[in-house]
Every structure is written in C-alpha cells, then in structure tokens.
Amino acid sequence: MNIVVGVADMKVSNDPEKVLVTYSLGSCIGIAIYDSVARVGGLLHFMLPDSELDQSKARRRPFMFADTGIPRLFKTAYELGAKKNRMRVIVAGGAQVLDQHGFFNIGQRNQAALRNILQRNNVMIDYAHVGGSANRTLRLAVRDGRAGLKVSGQGEQIL
Amino acid sequence: MTDLRTIIKDIAKLKPIPQVVNKILAIQQDPDSSMEDLARVISHDAITTANLLRAANSAYYARPKAFESVQQAIVYLGMDEVVDIVLMSSSAKNLKHPQKGYGLKAGDLWRNSLASALISRELSQKLNMANSHLIFTSALLKDIGKAVLGQYVWASTKDICALVEGGDRSFQEAEKNILGIDHAELGAMAAEAWQFSPEMVDIIRHHHQPANAALARQETVVVHLSDTICMMMGIGGGSDGLAYRFDQTMIEKLGLSDEDLQVVMVDFAEKIDEIEQLIALN
C-alpha cells in the first residue's frame, strides 16, 4: 500500500505492507532511511533549509525545514528500533530552475543544509541524486528497503 | 516536422471560454461598475452561480456560515475575489486533462495553474500592485498552450528531451526549436482568440521571459516568479521539470527579500490541504 508523503511531511513505518512515496521533488529534498535489521523505514520531504525563518511555524510544521525535520525523521525511526549505524540513507531532489543564483537557489541551499546536518551527526549518505533541473519521485518499500527513484521524463530506477 | 498551421488550428479545439467571463472582466475593468452589476451578470448564468457558491463555501475560504447567494458572496469576499473564483471555475475544463507530452496526469496542469494563480495574487498583494486580478487570471491561463501543444510534444518527446538534456536549452526553447512554436506563444494566441486584454496576452506570451513584456512588464515578472515557485515546490510538475530560465535581474527589481520569498512558500505549503479541496471542486 502506497503511503504518500506530501510537501513538508514525514512518514516512518515498520509495516512491511507499506511503501512510502513522495512525488514531484523540485528544489525540495526527499530523504529515505532504512534499517534492514529492524526493518524500519522513513521518508521525509522538506522544503527549506533553516527554521530560523519562523520558529512558531517550525514548531507547527517541523517537516518544512531541514534542521527541524531531519532529526525527527531519525528519532522516530529509533523509536521503532532502528539504529544509526545500520541506516541506509538515500537523498533526492534539490533541483534548480536554469540561471538561478544566490538566495533564490533554494535547491542548492537545501543540499548544503542536508549535508551539514548529516555530517555533524556522523551519518553517511549511501546514494544521492540531487541538483540539475529535473523533478524526482522517491519511494521506499518498508518490507525490504528497496528504494525507487523516478526522474522526470525517464523510467524508474531501483537503488 | 508538423506543419505549424496544423498546430495553430488546434487552438479552436479548446473549450471556448464562456461569454460570462468576458462580461465579468469588462465589469471589473470599468471603474463605474458596481457590485450589483457583477451580481446580475453572474446570477443570470446558473452554472457560474453554482460553481461560485461551491468554491466560496469550500474550506479554502474558511467561512463560519455558508453563502447562499451571489450577492452575499460578493459582499463578504469582495468583487475581486469573486471574479477570481468565477475565472477559476471557467478555466478548469481546459486544464484538467492529462498531458502526456509534459508527463502530466489528469489534474496536474490544473493544480499547477491554480497554485500559480494563488501565489501570484499573494505576491501582488505583498507588492501593493493595483491589478491583482489581471495577474491572477494571466497566471491561471499562462500554460493553456500546453493543452494544445501536448500531443505534438509527445510525438517529439525524444528530440525535445535530448535538446534539454544537452544542457544549454530550456524546455521552451527546445519546443520552439523542434516544433516551430512554444507553449507560451500558443497560449498567447489562444488568449487573443478569446479576446482577452492585450495586457493578458502580453503576460501569457512572455511569462518565461518577463524582460520581453511590453505592456505589463511588472505583472509578467510576478507571474514568472509564481511559476518558478510552483516548479520549485513541485506543484503539478511534469517531465519538463524545472528546465526553464529564471530572470533573476527582473525578479530582483521587485525588491522582494530572501525572507519574503520563503514566507510565500511556507504560507502556501501550510494551506495545501485546503487548496487540494479547491482543486478537486473544479
């Protein structure tokens, strides 16, 4: 059963029947994590790099921002028995419109925020498909951790 | 290569915009017109009245009590908002179909158009611009050309995508290169055929290159920015992805800050459930 993760949304599950999927990642980033021993998977779709923008909105919608969303993704998976050192991490998105520079380039800023947070927490990225100007769809099967990536205009590849 | 005349002839296959829309736009542009004039025109058209009340009573407008008449809706929401709602429901039928050429499922083009129109209105209010209805309508119809060009893009997908993936062309430039015309130009021609104002035609034609707009440049920049925001947020995004040019110089002239831009995205994301209900209505 497909569980859709919308913009500024997150789902974590240990139900093997579930497939977590997030559609149409533009400059937003999707991050999928999976522990194959605990069989726990999670998927976050965040939109902006930094919750400094509006703390009260970040409390209401923590999955909107990288710095409030990513820690919650991991913590929720830990609550279901996942362990950091067994986690496979896949990221996709962070695209940009052509000729976009400086503060408008939110795709690139999202990538930087993501890498910073993961690095600070000693989490390695196993697979990344980021940047460029394509839309991406990311899916994760909770049963076996198989992840699928669909880039706009192309077929789905299994990661 | 498909004959350009064949493509242009297909504009006639679009569902005609109902007469009531032109009447409403005329009322809105006439400084002497009143709420009563607007109410009369809408009330004479049963379908438009029903669509207006359905949308005005949706969760998006969050009214404590349901509107029962056109007059009531105009008094509470204001003329501009009511005109926007009527335009919304009359545009949906041309934008709801799937567009294989652009990798859009049924409803995607409509979702993108409506989101872009709502974001445009937000931006125009932030910038205190006078003609937010012109901006709203133009944003709503800016991609109407995709509804005509979609089948031709599909037939030439490989060639168009190869040009885009080559890295130095936008999707629009690739359309023009392979098919001889792009969706913005075709959309402007449809707007002309429907006798929309020259300003609206100008905005639709140049929404990817706002610096080329001659009649309504600042309005075109706003539509360009709202389109960019929708692409970034992936709202109704298709196989053309984010492969369009961004006119940073023109956008910077609007004077919006980094924070302004992000707040628009956050506010929109917060309302997304209500907006989905509005999308589903039409």
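What is the handedness of the crossing of H7(B) and H14(B)? In this predicted model, the crossing of the two helices is right-handed. Helix H7 spans residues 108-126 of chain B, and helix H14 spans residues 217-233 of chain B. Their axes lie 8 Å apart and meet at an angle of about 125°. H7(B) is therefore oblique to H14(B).

Residues from both helices build the contact. H7(B) contributes Asn112(B), Ala115(B), Ser116(B), Ile119(B), Ser120(B), Leu123(B) and Ser124(B). H14(B) supplies Val222(B), Val223(B), Leu225(B), Ser226(B), Asp227(B), Ile229(B) and Cys230(B). By class, the contact holds 8 nonpolar, 5 polar and 1 charged residues.

Backbone geometry was also examined at two alanines. Ala8(A) has a phi near 60°, a positive value in a residue other than glycine. This residue sits in the loop of chain A between strand S1 (2-4) and strand S2 (9-13). Ala8(A) has 24 C-beta neighbours inside 10 Å and therefore counts as buried, since the cut-off for a buried residue is 20 or more.

In chain B, Ala62(B) has a phi near 45°, again a positive value in a residue other than glycine. Its loop runs between helix H4 (46-56) and helix H5 (70-77). Ala62(B) has 8 other C-beta atoms within 10 Å, so this residue is exposed; the cut-off here is 12 or fewer. Thus Ala8(A) is buried, whereas Ala62(B) is exposed.

Key:
Residues are numbered from 1 along each chain as its sequence is written. Chains are lettered from A and ligands numbered from 1 in the order in which they are written. This is a predicted model: local features need pLDDT of at least 70, side-chain atom pairs count only at pLDDT 80 or more; totals for chains, interfaces and linings use all residues. Helices (H or I, at least four residues) and strands (E, at least two) are DSSP runs, numbered from the N terminus. Axes are lines fitted to C-alpha atoms, for helices over the stretch in contact, and angles run from 0 to 180 degrees between N-to-C directions. Angles under 35 degrees count as roughly parallel, over 145 as roughly antiparallel, 65 to 115 as roughly perpendicular and the rest as oblique. A crossing is left-handed if the near helix is turned anticlockwise from the far one by less than a right angle, and right-handed if clockwise. Two residues are in contact if their C-beta atoms, placed from the backbone, lie within 7 Å. Ala, Val, Leu, Ile, Met, Phe, Trp, Tyr, Cys and Pro count as nonpolar, Asp, Glu, Lys and Arg as charged, and the others, Gly among them, as polar.
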